[in-house]
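Here are a few friendly notes to read beside the model.

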Amino acid sequence: MGTSKSCKSEELCTELLESQTGDTSTGSVIQTLRLQVFGVLHWVVSLGLILAIDFLLKKAFVAASIEFPSALFGMFCIFSVLIILDCAIPSAAVALMKFFEPGIMFIQRWLPLFYVPYLVVLPLSLKDIPPSSAIKICFIVVGGWLATLCVTGMTAIGVRKAVKTELIDAEPMEKPSPFSSIELWAWTGIFLISFVASLVYPTALGTRARTYLPFLLASTVLGYMIGSRLPSSVKKVLHPIIFCAASAEVTAVVFGFLSKSGLDPVLGYYLTNSSSDPGAGDILMGFLGSVILSFAFSMFKQRKLVKRHAAEIFTSVIISTLFSLYSTALVGRLVALEPSLTVSILPRCITVALALSIVSFFEGANASVTAAAVVVTGLVGANFVQATLDKLRLRDPIARGIATASSCHGLGTAALSAKEPEALPFCAIAYGLTGIFGSILCSIPVVRQSLLAVIG
């Protein structure tokens with residue numbers, strides 16, 4: 001019966017389409033084009049609104065001289081609205097989630113790319129850092145990752161044994177689509193044309209930063225796309241983020257050589273920190289606020305899981321965040337690392353978007369060192385987290401997910417969830433909450449003063 005009705009409805013639709021267009025294939029093409037145009041418009045509007053919210057919040061917070069991260073406030077507001085709608089009009093909450101879905105998927109698809117700019121300009125920041133200090137930073141980052149992983153994992157296991165909550169299936173997490181050959185060739189064309197044009201006419205778009213922007217942006221994007229296509233065995237050694245940063249770095253070196261300007265000026269145009277004359281890095285980092293706003297939708301999607309396992313999640317994340325911040329401050333003092341550098345690596349276990357907001361609370365912090373410490377922590381975790389968890393005999397997916405995200409944020413999360421999808425929801429929740437708690441703690445003057453007192 002059901003099959004017969006389905007066939008009849010398909011025949012009626014086909015006849016209607018033929019009567020309107022006169023041709024089945026033509027009608028199908030027109031319908032496909034309409035859907036594609038609507039899809040693009042939907043994506044533009046949803047992403048545009050997220051970026052607009054972030055921009056307006058930043059502007060309002062600057063005007064009001066509020067130091068608290070504006071994007072974090074926006075995330076709380078969005079999450080609250082979704083929760084209220086879910087209680088009052090559930091269908092409205094679902095509709096709001098679906099409306100912003102294209103924009104959120106875009107952010108998730110390109111997320112690692114937004115962390116790269118500070119890695120690309122790292123050579124400029126490391127000039128004034130002595131080699132001995134760099135070695136100390138590496139020691140704190142690697143040792144701190146392992147210590148945080150152990151503390152968080154053991155805490156989660158302890159709370160799990162105390163509450164004995166049964167594990168249930170989480171809401172499925174949609175994965176972003178892979179990069180297509182058309183995208184790869186399109187960015188290759190942009191790179192080649194703009195690279196040659198910038199050599200011939202270095203101020204064609206008014207300033208060098210604007211003129212260099214297309215080929216520097218294209219080199220970064222291409223590096224990430226090609227790095228993402230590398231075999232898994234190669235990715236363990238050469239992570240897509242490293243490949244991406246290296247691609248932009250090599251491009252800057254080659255352009256500096258051919259234009260006889262040198263590397264430093266080109267890197268200076270890559271990240272200008274100027275809204276009136278932005279470079280490629282400024283464009284990419286402009287999405288960091290929207291990354292934080294997107295956490296609201298991820299947490300809302302897993303709200304039932306958060307509620308059911310609140311004891312394990314919140315206890316582990318709070319202890320992990322406190323341990324990470326204060327242990328970093330203490331070890332920095334013990335190894336006699338310069339206070340400004342210790343401050344810069346305090347949020348080593350927190351995602352870049354929020355780590356940069358955290359160090360902005362402290363004077364004298366080096367944002368490039370912060371970004372590099374966060375990315376290196378993630379890379380170490382991505383390569384070794386699964387084997388380390390096995391050695392520690394942490395078998396519970398909740399403990400494994402929370403420990404991974406709290407110690408090596410998004411990069412570790414991606415590595416673990418690729419092989420253990422059951423841990424992904426807990427990774428996603430802890431990934432956002434660790435940054436949120438870290439930001440809230442560091443926004444409190446007493447906490448900041450206590451951290452500075454430990455640093456010395």
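1. Which residues does Y270 touch, not counting residues up to four places away in sequence? With contact meaning heavy atoms within 4.5 Å, Y270 touches V116, P117, V120, V121, L216, T220, A248, G279, A280, G281, D282 and L284.

2. A word on the basis: this is a predicted model, where local features need pLDDT of at least 70 and side-chain atom pairs count only at pLDDT 80 or more, while totals for chains, interfaces and linings use all residues. Residues are numbered from 1 along each chain as its sequence is written, and side-chain values use heavy atoms, leaving out hydrogens and water.

3. F114 and Y270 touch the most other members of the largest nonpolar core, which has 112 residues. Such a core is a set of buried (under 20% relative accessible area, 1.4 Å probe, protein chains only) Ala, Val, Leu, Ile, Met, Phe, Trp, Tyr and Cys residues joined through side-chain atoms within 4.5 Å. Helix α9 (residues 208-228) gives the most to this core, with 10 residues; helices here are DSSP runs of H or I, at least four residues, numbered from the N terminus. A second, separate core of 9 residues includes I140, V141, I345 and A373.

4. There are 17 aromatic pairs, counting Phe, Tyr and Trp (six-membered ring) rings with centres within 6.5 Å; planes under 30 degrees apart are stacked, over 60 edge-to-face, the rest tilted. The F100 and F297 ring centres are 5.4 Å apart with planes at 45 degrees, so this pair is tilted. F100 in helix α4 (residues 90-110) and F297 in helix α14 (residues 288-301) are 197 residues apart, and both are buried.

5. One aromatic cluster is formed by F191, F195, Y212, F215, F255 and Y269.

Notes. Buried < 20%, exposed > 50% of the residue type's maximum accessible area, 1.4 Å probe, protein only. Helix = DSSP H or I, 4+ residues; strand = E, 2+ residues; numbered from the N terminus.
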